[in-house]
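Dear colleague,

I am passing on the structure below, as you will be working with it from here. Please have it open beside this message while you read.

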Amino acid sequence: MIRVVLQQAERTAAQSHRGAARVRYLGWLVLSILALVLTAGIAVTIGPADVSLTDVTASLAGHLGLPGAAEVAPLTDSIVWQLRLPRVLTAAAVGAGLALSGAVMQSVTRNPLADPYLLGLSSGASLGAVCVIILGVAVALPAAAFLGALAALVATLSIARAGGTITPGRAVLSGLAIAQLGGAGTSFIIFWAAKGDSYREILNWLLGSLAGSSWSSVAISVSALVLVGAGIVLSATRLDAFTFGDTAAASLGIDVNRTRWILLGAVALLTGAMVAVSGAIGFVGLILPHLVRGLSGPGHRRLLPLTVVLGALFLILADTVARTVFDPRELPVGIITALIGVPVFIVLIKSRKAAAWS
Amino acid sequence: MVVILDRVSFRINGTPILTDVSAVVPTGAVTGLLGPNGAGKSTLLRLIAGLETADAGGIELDGEHVGGARVGVRAGARAGVLSALSRRDTARRVALLEQNAAPSVDLTVREVVLLGRIPHRSRVLGSFGGDDDHRVAEESLAMVGGSNLADRAWHTLSGGEQQRAQIARALAQRPSLLLLDEPNNHLDVSAQLGLLGQVRGLCAGAGSGSSAAADSGLGTGTESGSGSKSGSGLTAIIALHDLNLAAAFCDQILLLHRGRLVAAGTPEEVLRPSTIAMVYGVDCDVIPHPRGGHPVIVFSPAGAPGFASALTDDRHGRGQA
């Protein structure tokens with residue numbers, strides 16, 4: 001009898017422990033969403049022309065047809081609505097999409113260094129996009145970027161494969177080669193076509209830039225994020241099953257090959273759409289999932305939503321820095337993400353667990 | 001769970017891995033799967049778990065076919081009668097632990113054990129009201145005596161603790177059949193004995209008396225065999241290298257050699273000097289254990305392959321005696 005009571009007590013304690021963990025997670029999620037909305041609003045106000053937060057809300061209210069919208073000067077309104085808002089929204093969607101892509105790749109390839117940029121997907125997508133934009137290949141831009149990302153992914157994984165397995169180290173090395181090839185191809189095509197400032201354009205594709213963001217960029221990136229991202233977030237449990245490798249996943253009832261290729265295809269689609277509007281922005285997909293695991297734990301049902309929100313927040317911040325530090329000149333945003341991402345990469349490589357990756 | 005292997009054959013790129021393996025594993029039994037490296041032990045476990053499909057022959061779990069049928073005429077005729085289990089259905093009945101599995105990210109033991117609930121969750125979102133999953137996970141951990149490990153991080157565990165956590169994960173699947181592939185790798189002798197003793201206890205517990213505690217609703221069966229569905233006991237098949245451990249802990253032994261089943265039966269029946277000499281090519285004596293009475297295999301270094309070929313004739317002579 002006493003033992004039963006003790007067990008009950010233990011169970012209650014464990015439940016309240018879990019309850020606390022859940023509350024803590026929801027706290028982080030709500031806090032992150034608030035921070036995202038606030039940061040997005042403030043980011044719109046930052047720039048050469050003075051715009052206040054009130055102008056931003058008034059402009060938004062006006063365009064969305066909300067009642068009681070205050071008057072905004074037409075110039076301010078068009079700066080907010082035509083320039084800065086599309087850029088901030090694109091940054092948010094791209095950051096969220098890349099971070100989500102990284103989380104999925106790290107899970108299904110069991111590679112803590114997996115990321116669309118390091119494994120060459122981003123430069124494959126750039127090459128595809130540039131083929132459409134410069135050479136005028138008659139395919140929709142996101143479709144070409146998707147095909148480029150998919151080709152790069154398949155190439156990287158086939159090169160890395162040895163004896164039926166792919167070690168994280170080999171995957172990164174193969175990704176490096178494919179990324180170089182994609183970057184070289186992108187640069188060559190832009191240089192060869194040579195209209196206007198080709199160096200600037202090459203830089204923007206190789207390092208990523210959100211400078212040209214318009215409402216069509218928003219449409220491409222947000223719709224990809226919503227459609228593909230929703231599918232991925234709904235597969236969270238399946239991603240958990242990969243934690244102990246393929247055999248364990250299969251013995252947990254997962255169709256391993258089918259699931260892996262569907263999810264990697266989704267990642268290629270997501271990365272393709274993001275690169276099509278912003279070029280190859282590095283390290284977002286690598287570092288965000290690692291940072292978020294610290295807050296959410298490794299379970300994907302918690303990891304993925306928070307990764308989406310914080311990925312969006314991270315890239316808005318990085319892009320705001322990129323367009324303001326050398327005002328009026330703009331840095332490619334990839335420089336900022338690399339400055340933050342490379343130290344994190346080094347910490348990962350040097351970590352205790354890294355010995356097992358080679 | 002009764003496992004029936006009916007003339008199972010399996011090839012990889014034309015190379016036969018298993019040939020005509022037929023055997024019956026009764027409910028509640030601990031079966032040792034023995035054989036030299038490359039004999040086909042792991043492959044047989046994967047076939048039973050439905051991770052591979054046999055080229056010929058069939059595997060039945062409690063009368064249901066495992067795996068999609070890549071069938072001959074005979075098995076095809078049977079498939080008409082028996083339902084075939086899907087991957088997911090199989091995962092709710094069979095848990096397989098492979099050798100040396102490690103997680104790709106650092107998890108706590110509780111999180112590791114909860115992975116075992118995946119086959120029981122809804123396909124899309126998974127269950128968000130996970131209290132039931134948590135209860136099963138805690139019970140599973142208690143069954144391997146690992147309740148105190150729940151909040152430990154994986155990389156802080158010893159090899160034996162990691163294996164216990166893994167077995168708890170397998171038990172959280174609520175399987176009727178537990179398949180272990182060389183679970184003793186890298187464990188010290190006390191952890192090896194502890195692990196096999198635990199598996200032994202789980203099978204015996206599920207097969208017999210402890211069902212009363214599970215049914216009464218008291219104590220939620222933390223020390224009983226409630227990990228199995230009521231009415232069908234937990235059955236275990238363990239691939240092992242150590243013949244003495246197999247002799248000590250297994251009810252029956254299946255001995256594989258080059259993909260064929262060369263002996264099956266109780267440890268006394270299978271583990272004979274002649275059989276061991278034929279399969280492993282080593283010289284040994286078998287004596288009864290001074291306390292348990294089960295066979296103990298004592299190896300002679302002089303009979304090691306290449307050590308002294310002159311002994312070969314003598315070895316065969318003794319083996320047949």
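What follows is a short account of what was found, chain by chain.

Please keep in mind throughout that this is a predicted model. Chain B contains 12 helices and 13 strands, and of its 321 residues 45% are buried. Among the contacts in chain B with a separation of 6 or more, 65% are between residues 24 or more positions apart.

Within chain B there is an open sheet of five strands, which follow one another in the order β2-β1-β4-β5-β6 with mixed pairing. Strands β2 (15-25) and β6 (84-85) of chain B lie at the edges of this sheet, and because each has a single partner strand, one side of each is left without a neighbour there. Further in, strand β1 (residues 3-12) and strand β4 (residues 56-61) of chain B run antiparallel and are joined by five bridges; on β4(B), Glu60(B) is the bridge partner of Ile4(B).

Turning to chain A, helix α6 (residues 168-193) and helix α7 (residues 198-207) have axes that come within 9 Å and cross at roughly 155°. An angle over 145 degrees counts as roughly antiparallel, so α6(A) is roughly antiparallel to α7(A). The crossing of these two helices, α6(A) and α7(A), is right-handed. On the side of α6(A) the contact is made by Gly183(A), Thr186(A), Ser187(A), Ile190(A) and Phe191(A), and on the side of α7(A) by Ser198(A), Glu201(A), Ile202(A), Trp205(A) and Leu206(A). Sorted by class, the contact between α6(A) and α7(A) consists of five nonpolar, four polar and one charged residues.

Technical notes
Residues numbered from 1 in each chain as written. Chains lettered and ligands numbered in written order. Predicted model: local features only at pLDDT ≥ 70, side-chain atom pairs only at ≥ 80, totals over all residues. Pairing = 2+ DSSP bridges. Helix = DSSP H or I, 4+ residues; strand = E, 2+ residues; numbered from the N terminus. Axes fitted to C-alpha atoms, helices over the stretch in contact; angles between N-to-C directions. Parallel < 35°, antiparallel > 145°, perpendicular 65-115°, else oblique. Left-handed = near helix turned anticlockwise from the far one by under 90°. Contact = placed C-beta atoms within 7 Å. Nonpolar A, V, L, I, M, F, W, Y, C, P; charged D, E, K, R; others polar. Buried ≥ 20, exposed ≤ 12 C-beta atoms within 10 Å, placed from the backbone.
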